Amino acid sequence: MIPLRKIENIFSVLTGISLAVVFIVTFGQVIQRFVFQLPMPWATDVIRIFFVYSIFLGMGVGVFKKAHLNIDVLVQAFPSWAKPWFDLLSNVVVSVFLSFVLYFSIPFIKANADQVTPYLLFPMSYIYMIIPIAVSFMVLFLLLDTAKLLVSLFGRDRFTNSGSR
């Protein structure tokens with residue numbers, strides 16, 4: 001099994017590559033259009049594809065690094081004993097939201113199966129396939145992190161020796 005740290009690194013590298021492609025193609029499109037007065041119509045398709053990938057891969061990196069949305073002022077106001085409970089609540093809320101995203105992403109991909117990008121004629125369903133892939137890894141990470149939090153909150157003995165007394 002691939003360790004989650006490697007998956008996080010893969011997501012980080014792919015996010016960086018996607019953003020670099022978006023930057024390079026956008027810069028090239030601007031130069032091509034304003035310096036040479038020649039449009040690059042295919043560039044819009046490439047930018048759209050890599051922008052979508054950078055968003056969902058970047059979301060994965062954010063979840064892996066626990067950098068997703070939270071209210072730091074509120075968390076800092078909690079006493080130290082309550083912070084793990086807030087982390088647990090945060091994991092549950094984000095997991096539920098991502099589960100809905102995962103559930104609805106499959107019909108979304110199927111609904112776009114017959115659409116292609118205007119210039120490259122690349123199937124949109126292949127582009128949107130990143131949604132369930134990235135979200136699945138995010139949910140998996142959150143579930144593992146939730147299990148780790150539960151063990152730290154309730155102690156390892158409670159989970160391993162629950163029926164031995």
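**Exercise 1.** State how many salt bridges the structure holds, and say whether arginine 5 and glutamate 8 are buried or exposed.

*Solution.*
Step 1. The structure holds 4 salt bridges. A salt bridge is a side-chain nitrogen of Lys or Arg within 4 Å of a carboxyl oxygen of Asp or Glu. This is a predicted model, in which local features need pLDDT of at least 70, side-chain atom pairs count only at pLDDT 80 or more, and totals for chains, interfaces and linings use all residues. Residues are numbered from 1 along each chain as its sequence is written, and side-chain values use heavy atoms, with hydrogens and water left out.

Step 2. Arginine 5 forms one of these bridges with glutamate 8, and the closest N and O atoms are 2.8 Å apart. Both residues lie in helix α1, 3 residues apart, about one turn of the helix. Helices here are DSSP runs (H or I, at least four residues), numbered from the N terminus.

Step 3. Compare each accessibility with the cut-offs: buried means under 20% relative accessible area, exposed over 50%, partly exposed in between (1.4 Å probe, protein chains only). Arginine 5 counts as exposed because its relative accessibility is 56%. Glutamate 8 has 7%, so it counts as buried.

Step 4. Arg5 and Glu8 also belong to a network of salt bridges that includes Lys65.

**Exercise 2.** Find where aspartate 145 and lysine 66 lie in the chain, and classify the accessibility of aspartate 145 and of lysine 66.

*Solution.*
Step 1. A salt bridge joins the side chains of aspartate 145 and lysine 66, at 2.7 Å from N to O. The pair links distant parts of the chain, 79 residues apart: aspartate 145 is in helix α6, and lysine 66 is in the loop between α2 and α3 (72–77).

Step 2. Aspartate 145 is buried because its relative accessible area is 8%. Lysine 66 has 35%, so it is partly exposed.

**Exercise 3.** Classify the ring pair of tryptophan 85 and phenylalanine 154, then that of phenylalanine 100 and phenylalanine 104.

*Solution.*
Step 1. Rings of Phe, Tyr and Trp (its six-membered ring) pair if their centres lie within 6.5 Å; planes under 30 degrees apart count as stacked, over 60 as edge-to-face and the rest as tilted. The structure holds 10 aromatic pairs.

Step 2. For tryptophan 85 and phenylalanine 154, the centres are 5.8 Å apart and the planes are at 80 degrees, so the pair is edge-to-face. This pair links distant parts of the chain, from helix α4 to helix α6, 69 residues apart.

Step 3. Phenylalanine 100 and phenylalanine 104 form a stacked pair, 6.5 Å centre to centre with 10 degrees between the planes. They are separated by about one helical turn, because they are 4 residues apart in helix α4.

**Exercise 4.** Describe the largest nonpolar core and the surroundings of phenylalanine 11.

*Solution.*
Step 1. A nonpolar core is a set of buried Ala, Val, Leu, Ile, Met, Phe, Trp, Tyr and Cys residues joined through side-chain atoms within 4.5 Å. The largest one has 23 residues, and Phe11 and Leu98 have the most contacts inside it.

Step 2. The largest share of this core, 8 residues, comes from α6.

Step 3. Not counting residues up to four places away in sequence, phenylalanine 11 touches Leu57, Gly60, Val61, Phe64, Ala134 and Phe137; contact means heavy atoms within 4.5 Å.

Step 4. Phe11 is also part of one aromatic cluster with Phe64, Phe137 and Phe141.

Key: Helix = DSSP H or I, 4+ residues; strand = E, 2+ residues; numbered from the N terminus.
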